[in-house]
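Look at the structure first, then read on.

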Amino acid sequence: QQQQQPTTPTTSSTTLHIMSSRTRLQLELSIFREMKAPQFMPDGRQLVFACQQSLCVLDARTGKVVRERKDAHTIQSLAVAPNGQQLATTAHTTKVWLWNTATLECHSVLRHLKSVFRVAYSADSSVVATAA
């Protein structure tokens with residue numbers, strides 16, 4: 001008689017490594033979500049990332065999600081403005097969404113002629129560049 005193998009839970013998870021470039025100290029966190037496009041906030045204490053149709057802000061020291069916006073679009077790419085006040089997201093569509101980082105509220109949607117796959121901010125946070 002053949003024995004059944006135990007099954008592994010299918011919860012999608014990501015292992016996040018946060019490393020200091022000076023001290024080589026490392027923090028390893030298991031995040032029980034799919035994580036896309038992680039970006040540090042300018043203060044270095046928080047990390048923003050996309051997971052499924054959510055925007056999440058994580059405390060980089062504890063690994064706890066401190067803010068989440070669940071009704072975001074399917075995010076493929078994101079960029080955090082250097083001033084830390086907004087972020088931009090793309091979904092391989094002709095739209096770029098601009099979000100307030102404190103509230104995770106979308107305040108603007110920019111239109112492009114082609115599907116956008118990358119987004120970036122200028123150093124002074126006043127200009128958004130898109131690649132399509």
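## Ser108 and its surroundings

In this predicted model, the side chains of Ser108 and His107 make a polar contact at 3.2 Å. Ser108 belongs to strand S10. Is Ser108 buried, partly exposed or exposed? Its relative accessible area is 26%. Buried would require a value under 20%, and exposed a value over 50%. Ser108 is therefore partly exposed.

Which residues does Ser108 touch beyond its neighbours within four places in sequence? They are Val96, Trp97 and Leu98. Val96 lies 12 residues from Ser108 along the chain. The C-alpha atoms of this pair are separated by 8.3 Å.

## The sheet

Strand S10 is part of an open sheet of 4 strands. The order is S7-S8-S9-S10, and the pairing is antiparallel. Strands S7 (77–80) and S10 (106–111) stand at the edges. Each has a single partner strand, so one side of each is left without a neighbour in the sheet. Neighbouring strands are turned by 20° against each other on average, direction ignored.

Strands of a sheet pair through backbone hydrogen bonds, in either a parallel or an antiparallel arrangement.

## The S8–S9 pair

How many bridges join strand S8 and strand S9? There are 5, in the antiparallel sense. S8 covers residues 86–90, and S9 covers residues 95–100. Thr89 has Trp97 of S9 as its bridge partner. Trp97 is also among the residues in contact with Ser108.

Terms used
Residues numbered from 1 in each chain as written. Predicted model: local features only at pLDDT ≥ 70, side-chain atom pairs only at ≥ 80, totals over all residues. Heavy atoms only, no water. Pairing = 2+ DSSP bridges. Helix = DSSP H or I, 4+ residues; strand = E, 2+ residues; numbered from the N terminus. Axes fitted to C-alpha atoms, helices over the stretch in contact; angles between N-to-C directions. Buried < 20%, exposed > 50% of the residue type's maximum accessible area, 1.4 Å probe, protein only. Contact = heavy atoms within 4.5 Å. Polar contact = N/O pair within 3.5 Å; in protein donor to acceptor, adjacent residues only side chain to side chain.
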